[in-house]
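My notes follow in the order I took them.

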Amino acid sequence: MKINFTKPKNDVFMVSISSKNTNEIIKEKGIKTLYLKCEEEMSLRKLFLLIRKMVVMAKGVKAEKITFNFEDFRFKGLKLNDEKLGEIIGSQLDFANYEFNIYKTKPKEGFTELKEVFILNVSKEVEKAILKGSIIAQEVNNTRTLANTPGGDMTPTILAQKAKEAVKGLSVKVTVLGEKEMEKLKMQAIVSVGRGSDEESKFIIMEYLGGPKNEKPIILVGKGVTFDAGGINLKPSSSLLGMNMDMSGGASVIHTIALASKMKLKKNIIGLVPSVENMASGKSYRPGDVIRSMSGQTIEILNTDAEGRVILADALTYAQKYNPEVVIDVATLTGAAAVALGERASAIFTNDDELAKDLEKAGEETGDYVWRLPMWEEYENEIKGSLGDWTNVHNKDSRYGGAIYGAIFLHQFIKGYKWAHIDIAPRMTSMAGENLAPGALGSPVRLLYKFIEELK
Ligand code: BES
Ligand code: MN
Ligand code: ZN
């Protein structure tokens, strides 16, 4: 989508915001006006929806160009400076314009999309902020495309290739380890989960060093399960669809790093993406198997469908070699997180209260909402193994607190640094009424970027 800051010449829909009119389009004397209804009391949460509504309405009438006045979005109740507002407008416009249609035959008249937006009464600083927002959204949308891609076309090998493409021409070093190299490093947890698949498992390492030489890095770890069939604990039919998106965390890490390097952030950031396909075959790891992880601790597999935490265990151990400032892992880890929160927020877990606050703030500022759940030591009791050190699910097979047990398990592989776990399963796909295309959401790229940008 092209963003202009000049007056449009022709064939443009004007957007008018009003609390009185309902959402409708009126054509009078050659001027096509799109009346966007907004509520009297504005909030940031409503603003995200309103900007996206504008795009949805425009597409609804096949408008390819729209124009609006920046000042119309300066709502009284919002305590936002113009630059922050600009960034939000830029990012929400492109976020809402996205559709995943590369597998569809192009109709004669083309796909409906907003091609150009003309934003009026903008200062030079705000222009910059709007364009920055647009770049952020493009990386969010690239994340959505990786996640939306069917499992057959998004194997660990292809994901690793996509990671390289994502940072082509940028100063990011990408290293990809295969199974042999992982075996050498004793990353048995990752290798075991991937063994049931004919596709080779990969460990993707992305290094962006934009900060001072001796500054400790921020590490982002993303779950990269390119298809989660559940393994020998095979998922029922109804749960299999959508499991191509089980690499959403990995995709968000890949494109957050791409974004950080595009924006030349003065930070050192490392991305780690363990990538496997969790399949059922004669070579699969089994319920009851005990695996020695890279950390030396053993994992007793009670359910092969709780594979995400197993591969993340080795990735979190690998992270230690960087002596990190902070580690954040992102994973579509548990359906239970969505049972707890509904689909409106990701669950966060952390050993650091300050970090919890920072993530919550970044979430509110970007619309990538998160909510903290507890991670008290007492919960460890339920993942103590009988054969091995830790079980990968609740050792009494309880249905309760599934998201928490995922986090508690991961916590066993953290040593001496600040850490947060973001369970994005609730925000894997969009909901009706969010004014977004169905399918992957690209969460939490906006949150991660904002968090890193504001980190002192
Ligand atoms: N990838 C799934 C979690 C998931 C489910 C994400 C639905 C998004 C939507 C994960 O690997 C999984 O299978 N988790 C199990 C854990 C259980 C075996 C303890 C689950 O949620 O049922
Ligand atoms: Mn699973
Ligand atoms: Zn999974």
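Predicted model: local features only at pLDDT ≥ 70, side-chain atom pairs only at ≥ 80, totals over all residues.

I found an open sheet of six strands, ordered E1-E6-E5-E2-E4-E3, with mixed pairing. I noted strand E1 (2–4) and strand E3 (24–28) as its edge strands, each pairing on one side only.

Strand E2 (residues 13–18) and strand E4 (residues 31–37) run parallel and are joined by six bridges. I located Ser16 opposite Tyr35 in E4.

I then turned to helix H2. H2 lies across E1, strand E5 (65–69) and strand E6 (116–120), and I noted an angle of about 160° to E6. I checked its length: at 1.5 Å a residue, the 16 residues of H2 (residues 82–97) should span 22 Å, and the end C-alpha atoms are 22 Å apart, which agrees. I counted 13 of the 16 residues of H2 as buried, so the helix is largely enclosed by the rest of the structure. At its N-terminal end I found Asn81 as the cap, with a side-chain oxygen 3.1 Å from the backbone nitrogen of Glu83.

Last, I looked up ligand 1. Which residues come nearest to ligand 1? Of the 15 around it, they are Asp228, Lys235, Asp246, Asp305 and Gly335. I noted a polar side-chain atom of Lys235 at 2.8 Å from an oxygen atom of the ligand. On the backbone side, I found a polar atom of Thr332 at 3.3 Å from a nitrogen atom of ligand 1, and a polar backbone atom of Leu333 at 3.4 Å from a nitrogen atom of ligand 1.

Terms used: Residues numbered from 1 in each chain as written. Chains lettered and ligands numbered in written order. Heavy atoms only, no water. Helix = DSSP H or I, 4+ residues; strand = E, 2+ residues; numbered from the N terminus. Expected span 1.5 Å × (residues − 1). Buried < 20%, exposed > 50% of the residue type's maximum accessible area, 1.4 Å probe, protein only. Polar contact = N/O pair within 3.5 Å; in protein donor to acceptor, adjacent residues only side chain to side chain. Pairing = 2+ DSSP bridges. Contact = heavy atoms within 4.5 Å. Axes fitted to C-alpha atoms, helices over the stretch in contact; angles between N-to-C directions. Near = heavy atom within 4 Å.
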